Amino acid sequence: MSVQKEIKKVTTHTLQVMKSAGEKISMITAYDFSFAKIFDAAGIDIILVGDSASNVMAGHETTLPITLDQMIYHAQSVVRGVNRCLVVVDMPFGYYQSNSEIALASAIKIMKETGGHSVKLEGGEEALDSVKKIVSAGIPVMGHLGLTPQSIYKFGTYTVRAKEIDEAAKLKKDALLLQEAGAFAIVLEKIPAALAKEVSESLHIPTIGIGAGGSCDGQVLVMHDMLGINVEFKPRFLRKYLNLYEQIDGAVKQYISDVKSSDFPNENEQY
Ligand code: KIV
């Protein structure tokens with residue numbers, strides 16, 4: 001029997017046990033009650049209320065504009081749909097970078113107002129003070145290394161990170177520092193699979209990959225990408241499990257046509 005079926009609620013400890021047992025961790029993003037309910041009932045281990053909400057929910061080009069209160073609204077909605085999985089809430093850009101006191105205040109606000117179980121923030125050495133401060137207040141922290149979208153204007157592109165020796169060395173060091181600082185897991189985004197394998201094997205906490213190959217301890221995908229809602233986004237790492245855009249397009253066109261032709265509602269669809 002799998003570790004995740006033996007227990008009721010997924011906790012950070014469960015994830016640690018899963019890593020030790022070699023059981024892979026499944027994580028998906030969600031931003032609202034209805035999808036969170038489906039994902040939780042399907043048996044997902046972790047729901048990430050990602051700041052990708054800025055892109056897929058609000059239509060911004062980057063993750064930078066989303067505010068703490070907007071993240072809190074999404075997280076509150078998600079938490080209402082969840083019975084069992086662990087909910088991780090992204091700390092948005094501008095609410096933790098300046099100093100660890102501000103980071104702690106943001107994390108406490110998220111925990112108090114959403115009922116989420118943990119927070120995620122981007123960065124390695126630069127974010128260590130904040131990670132330590134938040135963890136010391138009893139709030140579990142997930143790290144995020146590699147392609148960190150809040151730094152898009154520093155990178156200039158969403159291409160694969162840490163291909164060069166210096167950046168790979170910094171990432172390996174950052175991963176160890178985050179672990180020492182008390183992070184319970186680390187997202188590795190868009191880095192070479194060999195590097196992700198090395199990092200995953202060097203840590204006792206789990207790594208969750210996105211575009212980081214099959215050796216991570218778990219995988220995460222943005223729901224709009226894997227369900228085929230976001231058709232323009234086609235990176236190599238993405239597996240599309242549905243073509244929801246086409247299905248929704250077909251359904252809505254049929255509905256429009258049924259309304260126009262007075263086919264809907266019929267006699268059985270009225271009082
Ligand atoms: O915001 C997000 O969806 C994320 C994932 C891509 C890991 O951080």
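Is Phe237 buried, partly exposed or exposed, and what is its relative accessible area? Phe237 is partly exposed, with a relative accessible area of 27%, where buried means under 20%, exposed over 50% and partly exposed in between, using a 1.4 Å probe and protein chains only. The structure in which this residue sits is a predicted model, in which local features need pLDDT of at least 70 and side-chain atom pairs count only at pLDDT 80 or more, while totals for chains, interfaces and linings use all residues. Residues are numbered from 1 along each chain as its sequence is written, and side-chain values use heavy atoms, with hydrogens and water left out.

A pair of aromatic rings is described by the distance of the centres and the angle of the planes. Rings of Phe, Tyr and Trp (its six-membered ring) pair if their centres lie within 6.5 Å, and planes under 30 degrees apart count as stacked, over 60 as edge-to-face and the rest as tilted. Three such pairs are found in the whole structure; one of them joins Phe233 and Phe237 edge-to-face, at 6.4 Å centre to centre and 70° between the planes. Phe233 is partly exposed as well, at 33%. Tyr255 and Phe264 form another edge-to-face pair, with 6.0 Å between the centres and 65° between the planes; Tyr255 is partly exposed at 49%, and Phe264 is partly exposed at 37%.

Phe264 leads on to the backbone. Most residues other than glycine have a negative phi, and most peptide bonds are trans. The peptide bond from Phe264 to Pro265, however, is cis, with omega near -5°, and Ser262 has a positive phi, near 65°. Ser262 counts as exposed, at 59% relative accessibility.

The ligand is another place to look. Its surroundings include Thr29, Leu48, Ser52, Asp90, Lys120 and His144, where a residue is near a molecule if one of its heavy atoms lies within 4 Å of it. In the side chain of Asp90, an N or O atom is 3.1 Å from an oxygen atom of the ligand. Taken alone, the ligand exposes 250 Å², of which the protein buries 95%, with accessible areas from the Shrake-Rupley method and a 1.4 Å probe.

Methods. Polar contact = N/O pair within 3.5 Å; in protein donor to acceptor, adjacent residues only side chain to side chain.
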